[in-house]
Amino acid sequence: MIGKLIDVPRRAVAGLCAALVLACAVLLAAMTDSTMQPLPASAPSGEFSAARARTHLERFATEPRPIGGAAAERARNYLVAQLRAAGLDVEVQRAVGANASTGLASFGLVRNIVATRRGDDPTGTVVIAAHYDSAAMGPGVSDDAAAVAAMLETVRALGDAPLRNDLVLLMSDGEEDGVLGAQAFAREHPLGRAGGVLLNWEARGVSGPSLLFETSRDSAGLVEAYASAAPRPRGDSTMAALYRLLPNNTDFTPLTAAGFQGLNFAYIERSSHYHTAGDSLANLDPGSLQHHGSTMLALTRALGAADLPALRTDHDATYFRLFGVLITYPDALVWPLAGLAVAAVAGLAVVARRRRLLSVPRLVVAAVSGLVPLVVSALLAQGLWELLVAWRPAYDGMGGLLHRPDAFRAAVVAQSGLAVLAWYLLLRRRLGSAALAVGGLAWPAALGVLCAAVAPGASFVFAVPVLFCALGGLVALLVGRPLAGAAALTLGAVPAAMLLSGLARVVLDGMGLALGGAAALVTALLALLLLPLAELPLREPGRSTGRRYGRGAPVRGLRPALTVLIVPVLIAAGLADDRFDARNPGRTHLAYVMDAGTRTASWVSADPQPPAWTRRYVTARDTTALPPGYARGTTLWTGPAPRMDRPAEPRLTVLRRDGETIELRVSAGRAARSLTLRIERPITEATAVTAGAAPVTVRVAGARANTWPGEVRFRGLPDAGARITLRVQGADQVRITAIAETDGLAAVPGFVPRPPELVPATREDGELIAITRTYVV
């Protein structure tokens with residue numbers, strides 16, 4: 001019982017036609033996932049114009065705007081003036097935001113911009129949110145100034161047209177340091193406690209379509225509103241389902257935890273510039289800004305006029321694009337669809353068994369062994385990344401997000417395809433092509449069921465392709481006509497090609513090559529689904545060509561070897577193409593550290609292999625000269641540095657010690673923007689109090705890795721300082737190292753700026769002047 005699902009008279013032609021159809025499907029999926037054409041400043045006043053929004057970016061987004069800095073104040077003043085000129089009621093909320101993670105308590109003095117426009121007959125409140133602060137390493141044009149500029153252009157396009165519901169624009173502060181502004185808004189502001197519908201806007205790159213990548217729980221009504229209102233809806237529920245399983249967060253997280261229902265949007269392509277100086281106006285894709293803004297304006301109008309309570313539901317929705325149409329259905333259909341896919345595979349197996357194309361033992365072996373190419377594909381992709389980092393150590397600091405990754409991505413796809421093909425060809429004669437084709441559907445079908453249980457919104461991406469592929473196989477077997485059967489197999493594979501190729505692209509854009517194994521796994525699953533089409537150009541297993549020892553044999557033997565060569569060729573092409581230059585710079589980490597007690601100064605770099613410019617400052621892996629508790633990690637490079645005269649120096653005064661409770665008065669000194677406390681013992685609780693703001697307490701669990709176990713950060717610390725109360729585990733005597741942090745290195749004597757092909761790395765303790773002093777409590 002070994003055979004093909006179908007055999008066609010002209011195998012090569014049939015195989016080529018099937019390949020062309022699938023290639024067109026993949027191309028169509030990519031094209032329908034594009035951005036929008038940006039509109040000029042002369043566009044009608046009621047439409048969103050990327051050109052008009054860009055003028056705002058030119059005014060407030062040309063420099064880094066970290067929390068508490070002078071640039072953030074300049075941006076805030078501009079934004080407040082624009083909102084007031086548009087007729088909105090504007091206030092600036094001043095509060096202490098707080099967050100906690102393993103061993104760490106983060107605080108920040110935030111200044112949120114809250115602008116309100118009252119509705120005519122409100123059924124609730126629509127909150128549009130984005131953060132106006134940026135990472136300290138770059139101007140943050142995409143993350144998140146583009147969304148803030150889109151808010152200004154949206155308000156302008158709305159004009160005086162009445163809205164039924166109240167509209168609130170929240171331009172939050174301190175998002176980059178732990179969603180501090182959104183947390184303070186949700187905790188203290190009356191509008192934050194009142195709830196409503198939230199539309200949050202983000203970016204993790206500088207290009208690409210504006211994707212709906214996250215939803216609140218039970219958001220089916222909002223998803224339907226988005227599908228009907230957005231001019232070009234993008235994204236799918238796979239992203240939302242998987243994002244809920246990750247530890248990542250945005251302002252969306254504390255706001256939905258406070259009771260808001262909402263949708264979260266971002267564009268994620270060309271993410272190599274994320275949180276760097278490359279997140280600039282020069283690199284911003286105007287089509288992405290247009291897509292952000294057009295979606296924002298359409299949803300503001302639709303939700304501003306809606307009966308908001310009517311949008312509340314008690315279930316989620318699955319949503320995805322197929323053939324350019326956004327398909328949505330309630331989560332009640334997730335399990336039936338996953339079960340139907342499994343039933344279709346079982347039906348295909350039964351029909352193939354009755355046609356004596358496979359046996360049950362061979363089918364079981366084929367299905368179980370299908371795990372091998374999946375695992376091998378993932379391991380090869382992760383091995384490729386390790387190879388690239390070994391060859392070019394600077395890639396390690398990129399986090400897998402490379403400037404020109406296309407050739408490397410093609411290598412990941414090629415490796416996965418070759419792994420599945422090798423498995424298929426090795427077992428084809430023993431098990432039969434039909435057994436392998438049907439057995440290959442087992443793993444994606446099983447994933448459809450697994451996702452239905454743990455991530456329902458992602459189930460469709462496996463269940464729908466499996467269902468169509470199995471139905472295509474059933475039609476091919478039942479019609480009895482080779483050409484019609486080949487057409488059925490090909491058309492059945494089209495949804496798989498569109499959905500899984502799109503998922504692989506999103507995974508590579510979002511996770512990069514450092515987690516390339518995830519994209520490789522998706523690609524291998526797609527290859528398993530396409531196995532019935534791989535049969536088309538091949539003869540029946542076991543049939544001889546009659547030329548086993550003829551002149552063609554050596555040529556046929558060379559084909560697999562030549563095919564395997566594509567991977568090293570792609571890797572070599574990627575290394576030749578992806579070189580660092582002024583437009584696509586590399587990254588390097590450097591900080592200046594001086595112990596104010598010993599007057600010892602050092603340069604510090606966490607680069608695995610510092611580039612030539614950084615080696616001007618660091619020369620050895622000796623951390624003995626660093627202040628107590630400062631070092632974090634085991635691969636630091638250091639070098640002697642000149643002492644600074646009268647730098648911003650931290651001050652710490654013990655106000656009270658009562659057992660495990662320590663109350664401190666802290667300040668960072670002039671010019672310093674932030675203060676970090678490294679504590680020799682783990683902390684379980686921290687409270688921060690500043691003048692004019694309510695005290696905030698966070699509970700802390702666990703310990704910081706590769707440094708002292710407890711840490712407190714206060715970003716944007718006011719000149720008057722703050723009062724910090726800690727609960728410290730054990731020990732009568734505790735050492736605390738206070739670190740006053742000032743942005744930039746230009747004030748260090750003898751500092752030579754970076755060359756154009758280098759930018760500061762994204763590590764938070766880089767590009768800082770850190771002045772420390774250690775206290776014993």
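His-275 sits in the loop that joins strand S7 (261-267) to helix H10 (286-304). Helices (H or I, at least four residues) and strands (E, at least two) are DSSP runs, numbered from the N terminus. The phi of His-275 is near 60°, a positive value in a residue other than glycine.

This is a predicted model: local features need pLDDT of at least 70, side-chain atom pairs count only at pLDDT 80 or more, and totals for chains, interfaces and linings use all residues. Residues are numbered from 1 along each chain as its sequence is written, and side-chain values use heavy atoms, with hydrogens and water left out.

## Other backbone features

Phe-323 also has a positive phi, near 55°, and is not a glycine. Its place is the loop between strand S8 (317-322) and strand S9 (325-330).

The peptide bond from Asp-143 to Asp-144 is cis. Its omega is near 15°. Asp-144 belongs to helix H4.

## Helix H3

Helix H3 covers residues 70-85. At 1.5 Å a residue, its 16 residues should span 22 Å; the end C-alpha atoms are 23 Å apart, which agrees. The expected span is 1.5 Å times one less than the number of residues.

Several H3 residues are buried, among them Ala-71, Arg-76, Tyr-78 and Leu-83. Buried means under 20% relative accessible area, exposed over 50%, and partly exposed in between (1.4 Å probe, protein chains only). The buried residues of H3 pack against helix H2 (50-60), strand S1 (89-101), strand S2 (104-117), helix H4 (141-158) and strand S4 (166-172). Contact here means heavy atoms within 4.5 Å. Just after H3, Gly-87 takes a positive phi of about 90°.

## Helix H13

Helix H13 holds 21 residues, 371-391. They should span 30 Å, and the end C-alpha atoms are 30 Å apart, which agrees. Its buried residues include Pro-373, Ser-377, Leu-384 and Trp-385. Seen down the axis of H13, the buried residues fall within an arc of 160°, so they line one face of the helix. The arc is that of the directions from the helix axis to the C-beta atoms.

What covers these buried residues includes H12, helix H14 (406-431), helix H16 (442-454), helix H19 (516-529) and helix H22 (566-577). On the other side of H13, Leu-379, Glu-386, Ala-390 and Trp-391 are exposed.
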